[in-house]
Amino acid sequence: MAARLVVSRWAAAPVAARAGPLVTCRRWSGAAADTVYDVVVSGGGLVGAAMACALGYDIHFRDKKILLIEAGPKKVLEKLSETYSNRVSSISPGSATLLSSFGAWDHICNMRYRAFRRMQVWDACSEALIMFDKDNLDDMGYIVENDVIMHALTKQLEAVSDRVTVLYRSKAVSYTWPCPFLMADSSPWVQITLGDGSTLQTKLLIGADGHNSGVRQAAGIPNVSWNYDQSAVVATLHLSEATENNVAWQRFLPSGPIALLPLSDTLSSLVWSTSHEHAAELVRMDEEQFVDAVNSAFWSDANHTDFVDSAGSLLQHALALLRPTKVSARQLPPSVARVDAKSRVLFPLGWGHAAEYVRPRVALIGDAAHRVHPLAGQGVNMGFGDISSLAHHLSSAAFNGRDLGSMSHLTGYETERQRHNTALLAATDLLKRLYSTRATPLVLLRTWGLQATNAVSPLKGQIMAFASK
Amino acid sequence: MGAMAGAMLIGSQEPGASSWSPMRVQGPSTWDILHCFLGPQQRAGLEEELPGIEPDGHMGCQRHRQRINQFKYKAGIISHLQKRNWIVIIKDVNQPDWTLQIKPWIFNKYRTIWSRSYGVTFSCLNRIKRPPWMRLYSTSQTTIDSSEVKTFQALAHKWWDEQGVYAPLHSMNDLRVPFIRDNLLKAVDDHQPGKPLSGMKILDVGCGGGLLAEPLGRLGASVIGIDPVDENIKTAHHHKSFDPVLDKRLEYRACSLEEIAEETIETFDAVIASEVVEHVIDLETFIQCCCQVLKPGGSLFITTINKTQLSYALGIVFSEQIAGIVPKGTHTWEKFVSPEKLESILESNVYHFKL
């Protein structure tokens with residue numbers, strides 16, 4: 001009976017545009033049964049843990065109860081291992097600011113990270129290249145292992161354990177959404193059932209559970225997504241000789257981009273996106289062959305065609321006439337000597353964007369809201385950007401005494417982030433498709449485009465600023 | 001009726017006295033007196049019943065029994081009194097004027113009602129339970145407007161629909177809560193982050209469904225919300241019952257300001273009358289009661305719509321009639337209060353205040 005009542009009123013509700021799946025509203029059986037949390041973050045990865053930290057350290061959340069639910073075990077890193085982990089992230093300056101706002105960046109600095117000052121991106125099918133750097137060679141970004149970030153976040157969470165409770169090895173199994181209006185006996189909070197059968201209630205549920213987000217599916221939020229026909233291979237590489245190693249290299253091959261990210265003077269991390277078959281082959285082949293494949297991917301000119309080369313140099317001369325300043329010659333990345341044993345892993349790539357980031361009492365952040373190709377190194381940075389925006393909105397809402405699950409400030413977060421993320425997602429998808437082909441017209445187009453962009457410094461500055469947020 | 005003008009009756013009663021004092025009505029004839037009762041009256045007539053023969057035998061009663069019988073009139077405010085108020089009209093044959101005596105026989109609620117009708121002032125006197133040092137105020141019923149109560153009763157269950165009829169009040173919270181919070185924080189030196197208003201006691205007059213009380217409760221204050229409409233209090237109570245933290249900090253009562261004023265003198269750090277003063281009848285009394293319950297140094301917050309041409313155009317014509325943002329009949333422009341009027345009332349009642 002309660003379900004039918006819900007159906008009839010759903011039709012009349014003015015928020016019918018966001019009508020989700022019809023579930024019976026839970027009968028309120030009194031506060032003694034469940035604790036009512038103010039915020040529950042579902043998913044304890046990089047983005048989820050950082051969200052819990054950001055709220056835990058927020059001054060207006062001192063009186064609130066926050067819970068973080070993580071399906072995996074607690075990762076304790078007593079001692080930093082000698083070998084570097086093969087999963088690394090490129091952290092933009094904006095993300096570094098967020099991490100330092102709750103003290104995690106200090107832990108990272110005490111462990112290890114690598115700053116890079118220049119980024120060279122060039123094409124395999126022509127001589128065109130683009131070089132990004134800041135005017136006074138400031139740090140453009142940081143390469144940090146995911147384990148190191150996770151350890152720093154865990155340490156910070158432990159420091160605020162009076163406000164933030166973390167449940168490890170717990171998975172949320174089902175969610176019950178509140179009715180959009182106050183019915184006689186129904187609870188206005190979101191109810192979460194965990195794997196061990198216990199239930200809890202929350203005023204705001206934040207979904208940070210990755211690109212197969214359970215929160216997003218349970219809320220019925222439509223998601224536009226597709227799988228790329230590419231997988232990424234990651235590995236830790238030893239360079240032939242120690243260099244200053246503060247440059248990030250990326251080359252667009254027709255099969256996919258290959259990137260070399262600095263980890264230390266002698267070590268770099270590889271991210272090579274290529275077709276599924278080639279990726280499987282790369283992981284399977286022995287180390288010598290793998291190293292040769294990497295070196296030739298960076299150095300070989302096999303894909304050049306004379307036509308495109310001459311067209312490219314034509315534009316290059318024209319630009320040199322207009323701006324006879326520096327003409328950046330193509331620099332070659334360091335050569336690779338060997339690869340760390342057992343550090344080769346592959347994972348599939350895809351693109352995804354949730355149609356809505358928020359619903360009443362629900363918000364999505366990180367990969368649950370958007371999933372992107374690693375060619376721009378923006379995946380986790382977009383997630384951290386979501387955290388800054390949402391934490392800012394929630395903080396001012398808490399200081400105004402507002403109900404945390406109220407749509408008024410959640411839609412503010414959604415608007416702000418959708419504007420930023422949509423542009424970046426569209427741009428990375430466009431780049432990926434543009435550079436996946438060998439067809440001459442497109443190669444010509446992208447060659448000239450890249451050279452022109454490289455020549456216009458303000459434009460490059462804008463791109464860097466957008467990506468650093 | 002002009003002859004009636006200037007006939008002043010004094011009705012002052014020592015508290016504790018159980019009897020009534022006779023009043024003199026100066027007028028030419030009984031008929032005129034009764035006529036003035038019959039005519040359209042501003043406040044109240046008097047409900048009358050005829051006594052039997054009084055032991056002390058007032059002739060007037062007997063003689064004019066029929067006359068009085070013929071003219072029934074209803075009491076507005078007195079209906080809340082016990083019904084058996086005897087009215088005796090005495091004509092002293094030696095004296096040219098009439099004496100109107102009202103004998104309350106059975107009563108358990110006492111109040112004073114002043115009523116003016118065509119220049120004739122008479123008062124039903126009752127025993128009033130109040131401390132002697134207080135001036136005689138008109139008590140309950142005179143600041144609450146019953147027509148307003150009816151309007152809000154109909155909308156009592158819609159308070160918490162953020163896109164419904166009360167959407168403007170919900171969005172006004174974005175202005176009201178920071179305003180109140182910042183001003184209250186100025187008065188204290190240090191406060192706990194996370195619960196900036198903790199330790200403060202706030203009275204929310206006309207709290208409705210608790211729209212303003214809940215944000216203040218979340219900021220740490222203990223709030224008592226009062227509203228004359230029972231259904232509003234029920235809605236507010238129901239809404240806060242789901243949140244264990246708010247349940248403890250908020251308290252709602254269905255009563256009027258005057259009723260709570262007597263118990264809670266000088267107990268509140270802040271009194272908030274937000275979007276209320278344009279719905280009350282007696283603004284002076286209202287403000288006086290508000291000031292009564294405030295601690296010395298406490299703050300009184302009043303938000304209301306200004307009485308200007310623009311407020312008529314936007315607040316009544318556009319909002320109610322054209323766009324339907326606010327239900328029709330919620331506001332009457334005549335009852336809007338301008339800041340100057342508020343200031344003058346405050347000046348006359350409170351001897352020291354800072355705006």
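A: An axis here is a line fitted to C-alpha atoms, for a helix over the stretch in contact, and the angle between two axes runs from 0 to 180 degrees between N-to-C directions. In this predicted model, the axes of helix α10 (residues 379-399) of chain A and α11(A) come within 9 Å and cross at roughly 165 degrees. Since angles over 145 degrees count as roughly antiparallel, α10(A) and α11(A) are therefore roughly antiparallel to each other, and α10(A) passes α11(A) in a right-handed crossing. On the α10(A) side the contact involves residues including A:Met382, A:Asp386, A:Ser389, A:His393 and A:Ala397, while the residues of α11(A) that they and their neighbours meet include A:His409, A:Tyr413, A:Glu416, A:Arg417 and A:Leu424.

As for the record, the unreviewed UniProt entry annotates residues 195-306 and 353-426 of chain A as "domain: FAD-binding". Over residues 353-426 the chain is 55% helix and 12% strand, with end C-alpha atoms 10 Å apart, whereas residues 195-306 are 26% helix and 44% strand, with end C-alpha atoms 62 Å apart.

Helix α11(A), residues 407-434, also belongs to what covers the buried residues of α12(A), together with elements that include β5 (118-123), β6 (129-133), α9 (306-322) and α13 (457-468) of chain A. Among the buried residues of α12(A) are A:Val443, A:Leu444, A:Thr447, A:Leu450 and A:Asn454, and also A:Arg446 and A:Gln451. At 1.5 Å a residue, the 16 residues of α12(A), 440-455, should span 22 Å, which agrees with the 22 Å between its end C-alpha atoms.

Definitions and conventions:
Residues are numbered from 1 along each chain as its sequence is written. Chains are lettered from A and ligands numbered from 1 in the order in which they are written. This is a predicted model: local features need pLDDT of at least 70, side-chain atom pairs count only at pLDDT 80 or more; totals for chains, interfaces and linings use all residues. Side-chain values use heavy atoms; hydrogens and water are left out. UniProt positions are given in the numbering used here, feature names are shortened, and annotations may be inferred rather than shown by experiment. Helices (H or I, at least four residues) and strands (E, at least two) are DSSP runs, numbered from the N terminus. The expected span of a helix is 1.5 Å times one less than its number of residues. Buried means under 20% relative accessible area, exposed over 50%, partly exposed in between (1.4 Å probe, protein chains only). Contact means heavy atoms within 4.5 Å. Angles under 35 degrees count as roughly parallel, over 145 as roughly antiparallel, 65 to 115 as roughly perpendicular and the rest as oblique. A crossing is left-handed if the near helix is turned anticlockwise from the far one by less than a right angle, and right-handed if clockwise.
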